[in-house]
Amino acid sequence: MKIVVCIKQVPDTKGGVKFNPDGTLDRAAMLAIMNPDDKAGLEAALRLKDKYGAEVTVITMGLPKAEDVLREALAMGADKAILVTDRVLGGADTWATSQTLAGAIRNLEYDLIITGRQAIDGDTAQVGPQISEHLGIPVISYAQKIEVEGDSVIVERQFDDRYHVLKAKMPCLITALAELNDPRYMTPGGIFDACKAEITTWGRANLVGVEDSNLGLKGSPTQIAKASDKVRKGAGEKVELDPAESVDYIVGKLKEKHVI
């Protein structure tokens with residue numbers, strides 16, 4: 001079994017975020033981590049590797065510094081790592097990003113592609129399903145449990161207060177929730193090997209079946225109108241009532257918001 005895991009280096013929001021004049025994130029100026037949903041997807045792939053001897057390839061699109069999360073993935077147990085980086089890819093929205101990743105993945109053999117549900121710097125949950133559409137393969141999103149049965153995957157898909165059980169023939173793409181598992185730590189030996197490992201670097205010339213008009217900022221139909229690192233909250237409502245009136249007031253508000 002060959003598994004491709006798409007991971008993303010995202011800003012560590014605890015350290016604050018910075019923006020370029022055009023409204024895009026200034027990723028070079030911020031501390032970065034591996035996106036949590038992606039790390040859960042990587043752990044799912046590594047567990048399939050432990051069980052079935054799968055080969056796990058991690059791939060990311062980003063600045064050269066995104067190599068750091070690839071080495072982290074290798075230290076956790078991934079077998080190969082690919083960095084897709086090129087100045088013409090900068091400023092990509094979800095459409096252009098998914099086109100880029102799909103173009104890179106077309107160079108690879110795969111049975112299963114795993115992505116995170118969404119990235120904490122965008123929260124769109126669009127890239128994974130878009131990749132599957134570009135590649136013409138089935139997608140199962142919001143995975144909270146993954147099993148393999150022969151040439152098929154069986155996935156518990158989170159849905160409100162319950163879950164769906166879906167089965168799909170491979171090749172297939174799955175988007176993983178952070179709650180899917182508890183990712184393993186890097187091992188000392190894994191860190192040592194990852195530091196020496198060769199990272200494959202691809203650019204625009206390595207993308208298969210992608211038009212220039214679908215890449216980077218110019219190929220992004222979504223444009224950022226305004227960006228802010230903090231969302232201002234309203235002052236709220238303050239009332240002074242006796243205990244009995246307070247209960248009626250709170251219950252009334254909960255009914256108004258359809259909470260109860």
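**Contacts, sheet and pocket in a predicted chain**

Colleague: Which residues is Gly216 in contact with, leaving aside its neighbours within four places in sequence?

Modeller: In this predicted model, Gly216 is in contact with Val88, Leu89, Gly90, Gly91, Ala92 and Ala96, once neighbours within four places in sequence are left aside.

Colleague: And where does Gly216 lie?

Modeller: Gly216 belongs to the loop between β11 and α6.

Colleague: Is Gly216 buried or exposed?

Modeller: The relative accessible area of Gly216 is 0%. Buried means under 20%, so Gly216 counts as buried.

Colleague: What about Ser220, where is it found?

Modeller: Ser220 is also placed in the loop between β11 (200-202) and α6 (243-256). With a relative accessible area of 4%, Ser220 is buried.

Colleague: What does Ser220 touch, not counting residues up to four places away in sequence?

Modeller: Ser220 touches Gly91, Ala92, Asp93 and Ala96 on that count. Gly91, Ala92 and Ala96 are also among the contacts of Gly216.

Colleague: Turning to Met34, where is its place?

Modeller: Met34 is part of strand β3, which covers residues 32-34. Met34 is buried, and its relative accessible area is 4%.

Colleague: Which residues is Met34 in contact with, beyond those within four places in sequence?

Modeller: Ile7, Lys8, Val10, Lys39, Leu42, Val69, Glu72 and Ala73 are in contact with Met34.

Colleague: How far is Met34 from Gly216, C-alpha to C-alpha?

Modeller: Their C-alpha atoms are separated by 22 Å, and the two residues are 182 residues apart along the chain. For Met34 and Leu101, the separation is 67 residues in sequence and 17 Å in space, C-alpha to C-alpha.

Colleague: Let us change topic. In what order do the nine strands of the open sheet stand?

Modeller: The order is β9-β8-β7-β10-β6-β1-β4-β5-β11, with mixed pairing. β9 (162-169) and β11 are at the edges; each has a single partner strand, so one side of each has no neighbour in the sheet. On average, neighbouring strands of this sheet are turned by 30 degrees against each other, direction ignored.

Colleague: What packs on the sheet?

Modeller: Helix α2 (residues 67-76) packs on the sheet and touches β4 and β5. The direction of α2 makes about 170 degrees with that of β5.

Colleague: In which sense do β6 and β10 pair?

Modeller: Strand β6 (residues 112-116) and strand β10 (residues 172-176) are parallel partners, joined over five bridges. Cys172 of β10 is the bridge partner of Leu112.

Colleague: Now the second largest pocket: how much space lies in it?

Modeller: The second largest pocket holds about 200 Å³ of space. Its lining has 16 residues, and the closest to its centre are Glu55, Thr57, Lys80, Ile82 and Leu108.

Colleague: Which strands each supply at least two residues of that lining?

Modeller: Those strands are β1 (2-6), β4 (55-61), β5 (80-84) and β11. β1, β4, β5 and β11 are also members of the sheet described above.

Colleague: Finally, the chain as a whole: how many helices and strands does its secondary structure have?

Modeller: The chain has six helices and eleven strands. Its C-alpha atoms fill a box of roughly 70 × 45 × 40 Å along the principal axes. Of its 260 residues, 40% count as buried. Among contacts between residues at least 6 apart in sequence, 70% join residues at least 24 apart.

Note on methods
Residues numbered from 1 in each chain as written. Predicted model: local features only at pLDDT ≥ 70, side-chain atom pairs only at ≥ 80, totals over all residues. Heavy atoms only, no water. Helix = DSSP H or I, 4+ residues; strand = E, 2+ residues; numbered from the N terminus. Buried < 20%, exposed > 50% of the residue type's maximum accessible area, 1.4 Å probe, protein only. Contact = heavy atoms within 4.5 Å. 1 Å grid on protein atoms, 1.4 Å probe; cavity = no way out; pocket = protein on both sides within 12 Å on 5 of 7 lines; lining within 4 Å. Points joined across faces, edges and corners; volume = space filled by probe spheres on them. Pairing = 2+ DSSP bridges. Axes fitted to C-alpha atoms, helices over the stretch in contact; angles between N-to-C directions.
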